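This report covers the fold, the packing and a few selected residues.

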Amino acid sequence: MQAVEIETGPRPAATVIWLHGLGADGHDFEPIVPELSLPNPVRFVFPHAPIRPVTINQGMRMRAWYDIFQFGGGPEDDAGIRASQKLLEDMIQAEKGRKIVLAGFSQGGAIVLQTALRYAERLAGVMALSTYLPLSASVERERNALNQAVPIFMAHGQFDDIIPIDRARKSRDFLTGLGYKVEWHEYPMPHSVCPEEIEDISTFLARIL
């Protein structure tokens with residue numbers, strides 16, 4: 001799996017694997033690293049999603065973690081989501097021996113939630129940014145008790161016109177209903193990231209790592 005890799009210091013004891021959104025690539029969140037105030041060295045891995053045709057973009061080929069058939073919900077690309085879950089599980093395995101945080105924006109955040117809840121080894125934390133919970137109907141059946149207590153940071157823009165905030169709130173409520181600890185943040189922004197959010201991410205990472 002091709003990825004951008006950054007280490008903020010020697011011998012990092014933790015890795016953050018951070019997945020980009022639809023049509024972007026691993027360089028998308030690279031500029032955020034210097035803006036994070038982290039007490040200890042951390043390794044960041046920003047993988048590039050595979051290139052595939054995306055239905056909502058007239059079948060154009062682009063970097064995508066799974067296909068999207070229609071805007072605002074509807075049928076989901078079960079096979080594509082699970083294939084990317086497998087890719088992410090392989091990346092976690094490659095970082096064995098370090099504390100692992102999974103982070104993702106939009107489509108990348110959906111894959112992070114899909115993977116973290118089902119993963120068979122304890123993770124240090126999850127950051128799901130401007131995203132939603134995919135394949136929710138199978139979570140209860142497939143979730144792994146080892147990550148029942150994983151700290152989940154969810155953040156969303158109040159003016160998000162790509163993934164409406166109501167969809168994200170429903171995902172949050174679904175997760176808290178299953179007993180997950182979700183730290184929820186919303187910001188006056190569109191489908192993007194803002195300085196306050198970066199500050200809150202720093203605080204979250206410093207706490208869990």
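Helix α5 holds 14 residues and spans 20 Å from its first C-alpha to its last, close to the 20 Å expected at 1.5 Å a residue. The expected span is 1.5 Å times one less than the number of residues. Helices (H or I, at least four residues) and strands (E, at least two) are DSSP runs, numbered from the N terminus. This is a predicted model: local features need pLDDT of at least 70, side-chain atom pairs count only at pLDDT 80 or more, and totals for chains, interfaces and linings use all residues. Residues are numbered from 1 along each chain as its sequence is written, and side-chain values use heavy atoms, with hydrogens and water left out.

The buried residues of α5 are Glu197, Ile198, Ile201, Ser202, Phe204, Leu205 and Ile208. Buried means under 20% relative accessible area, exposed over 50%, partly exposed in between (1.4 Å probe, protein chains only). These α5 residues pack against β2, β6, β7, β8 and β9.

**The sheet**

Seven strands form an open sheet in the order β1-β3-β2-β6-β7-β8-β9, with mixed pairing. Two strands pair if DSSP finds at least two bridges between them. Axes are lines fitted to C-alpha atoms, for helices over the stretch in contact, and angles run from 0 to 180 degrees between N-to-C directions.

| Pair | Sense | Bridges | One facing pair |
|---|---|---|---|
| β2 and β3 | parallel | four | Ile17 and Val45 |
| β2 and β6 | parallel | six | Thr15 and Ile100 |
| β7 and β8 | parallel | four | Met127 and Phe153 |
| β4 and β5 | antiparallel | four | Pro53 and Arg61 |

Strand β7 covers residues 125-129 and β8 covers residues 152-157. Helix α2 (residues 107-118) packs on the sheet and touches β2 (14-19), β6 (99-105), β7 and β8. Its direction makes about 145° with that of β6. Helix α5 (residues 195-208) also packs on the sheet, and its direction makes about 170° with that of β7.

How many residues of β2 are buried? Six of its six are. In a regular strand the side chains alternate between the two faces of the sheet. Here both faces of β2 are covered: Ala14, Val16 and Trp18 are buried on one side, and Thr15, Ile17 and Leu19 on the other.

Ile17 is in contact (heavy atoms within 4.5 Å) with residues including Val45, Pro47, Leu88, Met91 and Glu95, leaving aside neighbours within four places in sequence.

Glu95 sits in the loop between α1 (78-94) and β6. Glu95 counts as buried because its relative accessibility is 5%. The side chains of Glu95 and Thr15 are joined by a polar contact of 2.9 Å. Such a contact is a pair of N or O atoms within 3.5 Å; within protein, one must be able to donate a hydrogen and the other to accept it, and residues adjacent in sequence count only if both atoms are side-chain atoms.

Pro47 lies in strand β3 (residues 42-47). Its relative accessibility is 0%, so Pro47 counts as buried. Pro47 and Asp25 are 22 residues apart in sequence, yet 7.4 Å apart in space, C-alpha to C-alpha.

**Cores**

A nonpolar core is a set of buried Ala, Val, Leu, Ile, Met, Phe, Trp, Tyr and Cys residues joined through side-chain atoms within 4.5 Å. The largest has 42 residues; Ile17, Leu88, Leu102 and Ile152 touch the most other members. Helix α2 supplies its largest share, six residues. Another core lies apart from it, with 27 residues, among them Phe29, Val33, Tyr187 and Ile208.

Leu113 is placed in α2. It counts as buried because its relative accessibility is 0%. Leu113 and Leu133 are 20 residues apart in sequence and 6.2 Å apart in space, C-alpha to C-alpha. Not counting residues up to four places away in sequence, Leu113 touches Val126, Ala128, Ile152 and Leu175, among others.
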